[in-house]
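Me: I would like to go through this structure in questions and answers, starting with single residues and ending with the whole chain.

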Amino acid sequence: MLTVLLLPGALRAFLPALLARSALAMGGLALLLTVQDRTGSYAQAGLATAVFGTANVVAAPWRARSVDRFGQRVALTALSAGHAAGFAGLALLTRAEGVAGTWYLALSLVIGLTAPPLGAAMRRIWASLTEAGDQRTKAFSMDAVCEELLFVAGPVVITAVITAASPAAGLWVTAAAVLLGTAAMTTSASSKALRGSRATERRGERPLRQPGFARILLALLGVGAVLGVAEIAAPAVAARHGAVEASGWLLAAFAGGSAIGGLVYGQLRLKAGIGTRLFALCVSMGVAAVIVSRLDTLVLFAAGLALVGLCLAPSLITGYLVADTVVAESSQTEASTWINTAVNLGASLASAAAGVVIDRSGAALALLLVGLLAMALATAVPRTRARAEAHPTEPAPSAPADSAELRP
């Protein structure tokens, strides 16, 4: 799988992209801890985080569309500058006294609206560097695994910075990561080659107008829902066992399982179409969540979360492959971002609902319900014929080698 890094121009774009993407793994926690430190209120901090997350999800497709239209260098540079400015402004705000809470919310809104779609942009680069089929699956798998590892290491790093220095220092580190990483990524030859196209203005090429694509997103809402509930259930279960400090280890088990799943998935040569794969993965994730709902001890619960995580990265990878094969090249950044948006939206909605269910009935019921929901939404996946993905070494007799067809 690592052989894709030897492709000309791959490392030059990928390494700085990882640095820039680490800002998303660090930024949410840095924002939360900063606002809580300055206001003394977790409610205010939670509201700021919610504003950031909501703005990020709502604006994601439009940011991605700007990248497809104006090219990576122009769009990502502008977005990263605004994103870094939001973090820097928040850091400067920590020096002032008596700051109204609305300022924290306003800057959280700026940070969320301007978050650059670096993951989707990097996958667009991978698509331009690799051949459709096995090689591209390996590239997307490695990318997804590295992203999972960022979300394992990012919170640990930013917490260490904040503990050793101050919340403001964490914000400055996050701002520097996104600004410098994006600048280095977008000056690479493989990124500069993606100049953008006004073809995205043709409404018929928009991702949501492609047959079956919206149904793929509906299934991925279930994947996101399981993710959101797991992230709330883990601390709740740890607290019920009187071991709050184990929360981080439970979430690490979940992320570690996802990373392992992505590694294994990238090595497999599967003959099933991408629709069949996605259906199986969504159902498997739902079944795993139901199983975890029946586990009581912390050790078994951690193992169960790892089992659920095994399906997360492969589900995302398969979603990215759908975006890559059924959407016009001029809209692929937007399509890839819609995959993330569906998962993030599912996670956000499920997190809110899970909190209510857990308070009233416990984490087991929340996991059981979301597992059943994921299995139900998996039925939305349309049948898929993607010969280039299913048999990358065999040419499709009636379609281009990199094409796929989604049929209701």
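Me: Which helix holds methionine 375?
Reply: The model is a predicted one. In this model, methionine 375 falls within residues 363-378. That stretch is helix H15.

Me: Is methionine 375 buried, partly exposed or exposed?
Reply: Burial requires a relative accessible area under 20%, and exposure requires over 50%. Methionine 375 has 23% relative accessibility, so the residue is partly exposed.

Me: Which residues does methionine 375 touch, leaving out those up to four places away in sequence?
Reply: A contact here needs heavy atoms within 4.5 Å. With residues up to four places away left out, the partners of methionine 375 are Val283, Gly286, Val287 and Val290.

Me: Where is valine 290, and which residues does valine 290 touch beyond four places in sequence?
Reply: Valine 290 sits in helix H11, which covers residues 274-292. Methionine 375, in helix H15, has Val290 among its contacts. Listed from valine 290, the contacts beyond four places in sequence are Leu367, Leu368, Gly371, Leu372 and Met375.

Me: Is valine 290 buried, partly exposed or exposed?
Reply: The limit for burial is under 20% relative accessible area. Valine 290 has 21% relative accessibility, and therefore counts as partly exposed.

Me: How many Å separate the C-alpha atoms of valine 290 and arginine 269?
Reply: Along the sequence, valine 290 and arginine 269 are 21 residues apart. In space, their C-alpha to C-alpha distance is 28 Å.

Me: Is tryptophan 249 buried, partly exposed or exposed?
Reply: Tryptophan 249 belongs to helix H10, residues 247-267. A residue counts as exposed when its relative accessible area is over 50%. Tryptophan 249 has 68% relative accessibility, so the class is exposed.

Me: How many Å apart in space are tryptophan 249 and alanine 238, C-alpha to C-alpha?
Reply: The two residues are 11 positions apart in sequence. From C-alpha to C-alpha, tryptophan 249 and alanine 238 are separated by 9.7 Å.

Me: Is threonine 94 buried or exposed, and which residues does threonine 94 touch?
Reply: Threonine 94 is in the loop that runs between helix H3 (72-93) and helix H4 (101-113). Its relative accessible area is 13%, and because burial means under 20%, threonine 94 is buried. Not counting residues up to four places away in sequence, threonine 94 touches Thr34, Arg38 and Ala168.

Me: Which residues are in contact with threonine 337, leaving aside neighbours within four places in sequence?
Reply: Threonine 337 is part of helix H14, residues 332-361. With a relative accessible area of 6%, threonine 337 is buried. Its contacts, with neighbours within four places in sequence set aside, are Ala60, Pro61, Ala64, Pro117 and Ala120.

Me: What is the radius of gyration of the protein, and how compact is the protein?
Reply: The secondary structure consists of 16 helices and two strands. For 408 residues the globule rule gives 22 Å, and the radius of gyration is close to that, so the protein is as compact as a globular protein of that length. The radius of gyration is 21 Å.

Me: What percentage of contacts between residues at least 6 apart in sequence join residues at least 24 apart?
Reply: Buried residues make up 55% of the 408 residues. Among contacts between residues at least 6 apart in sequence, the share joining residues at least 24 apart is 82%.

Me: How many Å apart are the centres of the positive and negative side chains?
Reply: The protein carries 30 positive and 21 negative side chains. The centres of the two sets are separated by 6 Å.

Technical notes:
Residues are numbered from 1 along each chain as its sequence is written. This is a predicted model: local features need pLDDT of at least 70, side-chain atom pairs count only at pLDDT 80 or more; totals for chains, interfaces and linings use all residues. Side-chain values use heavy atoms; hydrogens and water are left out. Buried means under 20% relative accessible area, exposed over 50%, partly exposed in between (1.4 Å probe, protein chains only). The radius of gyration is taken over C-alpha atoms; the globule rule is 2.2 Å times the number of residues to the power 0.38. Lys and Arg count as positive and Asp and Glu as negative; His and the chain ends are not counted. The place of a charge is taken as NZ of Lys, CZ of Arg, CG of Asp or CD of Glu.
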